[in-house]
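Student: Please give me a close look at one part of this model, with the pairing and its surroundings treated together. I would like a connected account, with each term defined where it is used.

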Amino acid sequence: MKVIEDFRKDKYNLPMVIYLDEDLIGCFALYTDKAGNQYTSNENAILLKSFSLDLRHQKKGLAFKTLKVLPDMIKLSHPDKDEIILTVHHSNAPAINLYKKAGFIDKGYRFNGEEGEEFIFHFALD
């Protein structure tokens, strides 16, 4: 809940929650500011931030299912967006594999974050 409250402090953060039946199992945010996305010059990109799933619900395919419906959800709610951008820490192999499996592409762009090198992944919204 703290993550969601923190996101609400910035009008460009759109906090989202992931439910399984009636249980809150995860969250993420979509960052919508055209000028504030430091990972791309594409003003029509939307940034996926802080994607997380409760540990008790990991390794069940739920994160993958969420990522697979995300593009259609964004197309409906933000029709002006043509790309999803996300960053992932270079050492987070499970997340990197998940994003690749879900169709995100590593084009080789890197960002030096507070905790080290981040890979920037892209997903085109055709």
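Tutor: Cys27 has Ser52 of E3 as its bridge partner. This bridge belongs to the pairing of strand E2 (residues 23–31) with E3, which is antiparallel and runs over 5 bridges. Strands are counted as paired if DSSP finds at least two bridges between them, and the elements themselves are DSSP runs numbered from the N terminus: helices (H or I) of at least four residues and strands (E) of at least two. The model is predicted, so local features require a pLDDT of at least 70 and side-chain atom pairs count only at pLDDT 80 or more, while totals for chains, interfaces and linings use all residues. Residues are numbered from 1 along each chain as its sequence is written, and side-chain values use heavy atoms, with hydrogens and water left out.

E3 (residues 45–53) is also paired with E4, here in the parallel sense and over 4 bridges. Within this pair, Leu48 stands opposite Leu86 of E4. To pass from E3 to E4, the chain goes through helix H2 (residues 62–77), forming a right-handed β-α-β crossover; right-handed means that, with the strands pointing away from the viewer, the path from the first strand over the helix to the second runs clockwise. The loop between E3 and H2 contains Gln58, which is partly exposed at a relative accessible area of 36%. On this scale buried means under 20%, exposed over 50%, and partly exposed in between (1.4 Å probe, protein chains only).

Strand E4 (residues 83–89) is mostly covered, with 5 of its 7 residues buried. E4 is joined in the antiparallel sense to strand E6 (residues 116–124) over 7 bridges, and Thr87 has Ile120 in E6 as its bridge partner. Helix H3 (residues 93–101) lies across E3, E4 and E6 and runs at about 160° to E4. Such angles, from 0 to 180 degrees, are taken between N-to-C directions of lines fitted to C-alpha atoms, for helices over the stretch in contact, where contact means heavy atoms within 4.5 Å.

These pairings belong to an open sheet of 6 strands with mixed pairing, in the order E1-E2-E3-E4-E6-E5. Strands E1 (13–20) and E5 (105–113) are at the edges and have a single partner strand each, so one side of each lacks a neighbour in the sheet. From one strand to the next, the twist averages 30°. H2 packs on this sheet, touching E1, E2, E3, E4 and E6, and its direction makes about 155° with that of E3.

Two residues deserve mention for their backbone angles. Most residues other than glycine have a negative phi. Ser50, although not a glycine, has a positive phi of about 50°; Ser50 is placed in strand E3 and is partly exposed, at 44% relative accessible area. Asp21, likewise not a glycine, has a positive phi of about 55°. Asp21 is found in the loop between E1 and E2 and counts as exposed, at 74% relative accessibility.
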